[in-house]
Every structure is written in structure tokens, then in C-alpha cells.
Amino acid sequence: MIRTVFHSEDLPAAERLARFDDFLRHCDHPMAVTSSAPELFRATARALEIGPVSVAELTLSPSVVRRTARLIRQADPELCCVVFARRGALRVAQAGREAALGERDFALYDSSQPLRVRIAGRGTATLVRAHVPRALLPPRARRADGLLGRPLPGRAGIGALLTQFLGDVTAGTSPDGTAAPGPATAPYESGEPAGDAAGLGAVAVDLVAATLAHHLDEETPAPDAQGPGVLLLRIDAFIEEHLPEPDLSPRAVAAAHHISVSYLHRLFRTRETTVTELIRRRRLERARRDLGDERLRDLPIHRVAARWGFRDHASFTRAFRAAYGVPPSGHRRQGSG
């Protein structure tokens, strides 16, 4: 259930800016807020946790929100963040770039780098933001510095799916906790089972990963020639992207690259592994990482296995024990300890 976590109308006008600044400084990735008109400042924050993903809707008076190097040293949960304006004007600056966001356009920012978000215009603006742990994204998507602080289209294609989804999950109730007017958003309203929240979180992670992959592909120039070395790099990237799919196999990899299975195996003779072994090892590495993640400790082990393409829990347990010397449950207990 989305809930109001800060509402300035409950406070004296003279305290609102300072209290909201204190609220931001005690979040999981601390920020600070300033305003040229503190006596007129207003803010409402509504938040929703869907699995490992945190989604929020913020309504703010004109102000500047900053995440400085000092605040990063204070706490950094290593998040990939998406933000867009539902209403009003918004500017996002990071990595030497600044994005002026129009309606439904969005920007990406990284919790590990200094950030400035400016709420401009008159009256209040409403923005939606989502925090996704970088560890849950594919390796290539974690290296998206070239996309930070840039305006990205959110009105068509994969960007529209992302902004529509995030907009919908924050639209269930109004800031005072009553039902909001407008279209029904039944899947995201109160009473939602915990399993549904985990499922929505997985959708959010997949949408962010797909959006990053789409824009990174647009920026990657096509190679002049597809020699064996280049082809192996493309195959590596393909395997990383499709690890969660149970049907990922040498045949699927070969078909995706328009080569024969026998030629694929010949390419891998230059390595000390096979395609099948590489897929299994990388899946086990991802599952091992998830099992050691405190944020995912409530996710059942069989769901972790399925998340990384293992069809059968028993075979996953055997493979995990063979690789790491302990069963998955034992590794999770060690991580907790």
C-alpha cells in the first residue's frame, strides 16, 4: 500500500523546510533541500516498497535537492534511480550534464555520484522516482554513466512502459490517504499481498534493465567486422542479458547469432569452458549474490533459483553445493550471520 510518509500541511509554516530537510537526510541515501522562499515551502512524500524497489511520489514547492559527496560518504546503498515529472518543471544534473524534463520524459541518476534536482516554475511540482539496487541489474546496465543526467523519452517505446508503470503504482491514493480520483489502479491499491509486491518489484527491475539496455544499444556503434573476437563479446553480452530465461542453451545462443551450434562450440575451444558450463556458472554466481543480499532474504530459495533460470530446485541445490561447498540455505545463513 502506498502511504504518506511526510506531509508539510501538518506542520507550522516556519518549520516545514527544515523538517523536510531532516526527513531527506535520514533516508537510505541522504539528501538535502534548500529553497529561496522557505516561508512558502510545501512538501508531500508518498512511498511504496515493491520487493527490493522503492517507489515514491514527491510534491514540492520550487526548491533544490542535492546529494553531495559528503552525504554519499555518509550512506550509499548503490542505487540506480529513475525520475520524471508528473506535473511541473524538473531539472536533473549529474555527471556534468543537466536534463530539463518535459512531460513524461525521464532521467537516470546514480546514488554514488553527486546530484542536483531543481524543482522550478510556480506553485508545486510532482515527481515520481524509483530506486533499484544496482546489484539486481545486468552487469552492462550497471555501467550506464553515459546516460546519467540526460533527458530520455518516456512517451513512446520502452520508456513509455517504464514511466506508465511507475506512474500507475503511485496513483492509488491521494496525499491525505483517501482514494485518488481518476482511473482505477486496482493492482496497486491497499491489501495487495506480499507476493504481488515482489512480482511488481521484479517487473520494475526488468523494465529499468530493458530501458538501460535499449539506450545503451543505441549508443554502441556497430562493429565494422564480426570476427571471432567480436562475436565472442556479443555472445557474452547475450548470455548475460538472457541468464534468467530457462530456455537459454547453446542452441538458443547459436540461433540468436545466426551460427551453427558446432561453430559456437569451436569458438569456445579458445576458452577453458563450454557454453553450457559458462551459463551454469554465471547463473550460480547471480543466485549466490542474491542469497547473500539482506534485501532479498524474504525471497524463497526456489524463487531465487527460478529468477536465474533454474527449472528444478533439487538440481539447483546440487549444482550450488558442488560449486561452493555448501547448500543454498547454508550460504544464506552464513550471509545473515
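Author: A pocket is an open set of grid points that has protein on both sides within 12 Å along at least five of seven lines, and its volume is the space filled by probe spheres set on those points. In this predicted model, the second largest pocket has a volume of about 610 Å³.

Reader: How do you know which residues lie nearest the centre of the second largest pocket, and how many line it?

Author: A residue counts as lining when it has an atom within 4 Å of a point, and by that test 33 residues line the second largest pocket, with Asp28, Ser54, Ala56, Arg129 and His131 lying nearest its centre. At least two lining residues come from each of β1 (3-7), α1 (16-25), β3 (43-50), β4 (53-60), β6, β10 (115-120) and β11 (125-133), and the largest share, five residues, is supplied by β3. Sorted by class, the lining of this pocket has 23 nonpolar, four polar and six charged residues.

Reader: What makes a space a cavity instead of a pocket, and how many cavities of 30 Å³ or more are there?

Author: A cavity is a set of points where a 1.4 Å probe fits but cannot get out, whereas a pocket is open. One cavity of 30 Å³ or more is counted, and the largest cavity has a volume of about 100 Å³. Its lining is made of 13 residues, and those nearest the centre are Cys80, Asp110, Ala141, Ala144 and Leu148. Two or more lining residues are given by β6 (79-87) and by β9 (106-110), with β9 providing the largest share, three residues. The classes in this lining are nine nonpolar, no polar and four charged residues.

Reader: How do you know whether Cys80 is in a disulfide or in none?

Author: The structure holds zero disulfides, and the nearest cysteine sulfur to that of Cys80 belongs to Cys81, 6.5 Å away. A disulfide needs two cysteine sulfur atoms within 2.5 Å, so the 6.5 Å between the sulfurs of Cys81 and Cys80 is too far for a bond.

Reader: Why is Cys80 called buried, and why is Cys81 called buried too?

Author: The word is used for a relative accessible area under 20%. Cys80 has 9% and is therefore buried, and Cys81, at 0%, is buried by the same cut-off.

Reader: What makes a group of residues a nonpolar core, and which members of the largest one touch the most other members?

Author: The members must be buried residues of the listed nonpolar kinds, joined through side-chain atoms within 4.5 Å. The largest such core has 33 residues, and Leu137, Leu166 and Leu212 touch the most other members. At least two of its residues come from each of β3, β4, β6, β9, β11, α3 (157-169) and α4 (194-219), and α4 gives the most, with eight residues. There is also a second, separate core of 29 residues, including Leu291, Leu299, Ala305 and Ala319. In soluble globular proteins, nonpolar side chains tend to be buried together.

Reader: Which residues is Leu137 in contact with, leaving aside its neighbours within four places in sequence?

Author: Contact asks for heavy atoms within 4.5 Å, and on that basis Leu137 is in contact with Cys80, Val132, Arg142, Val205, Val208, Ala209 and Leu212.

Reader: Where is Leu58, and why is Leu58 called buried?

Author: Leu58 is in strand β4, and its relative accessible area of 15% falls under the 20% cut-off, so Leu58 is buried. Not counting residues up to four places away in sequence, Leu58 touches Thr44, Ala45, Ala125, Thr126 and Leu127.

Reader: How do you know whether His257 is buried or exposed, and whether His258 is buried or exposed?

Author: Both lie in the loop between α6 (250-256) and α7 (261-267). His257 has a relative accessible area of 10%, under 20%, and is therefore buried, whereas His258 has 75%, over the 50% that exposed requires, and is therefore exposed. His258 also has a positive phi of about 60 degrees although it is not a glycine. Apart from its neighbours within four places in sequence, His257 is in contact with Leu231, Arg234, Ile235 and Phe238.

Reader: Why is Glu78 called partly exposed?

Author: Its relative accessible area is 45%, which lies between 20% and 50%, and Glu78 is therefore partly exposed. Glu78 is found in the loop between α2 (69-74) and β6, and it has a positive phi of about 60 degrees without being a glycine.

Notes. Residues numbered from 1 in each chain as written. Predicted model: local features only at pLDDT ≥ 70, side-chain atom pairs only at ≥ 80, totals over all residues. Heavy atoms only, no water. Helix = DSSP H or I, 4+ residues; strand = E, 2+ residues; numbered from the N terminus. Nonpolar A, V, L, I, M, F, W, Y, C, P; charged D, E, K, R; others polar. Buried < 20%, exposed > 50% of the residue type's maximum accessible area, 1.4 Å probe, protein only.
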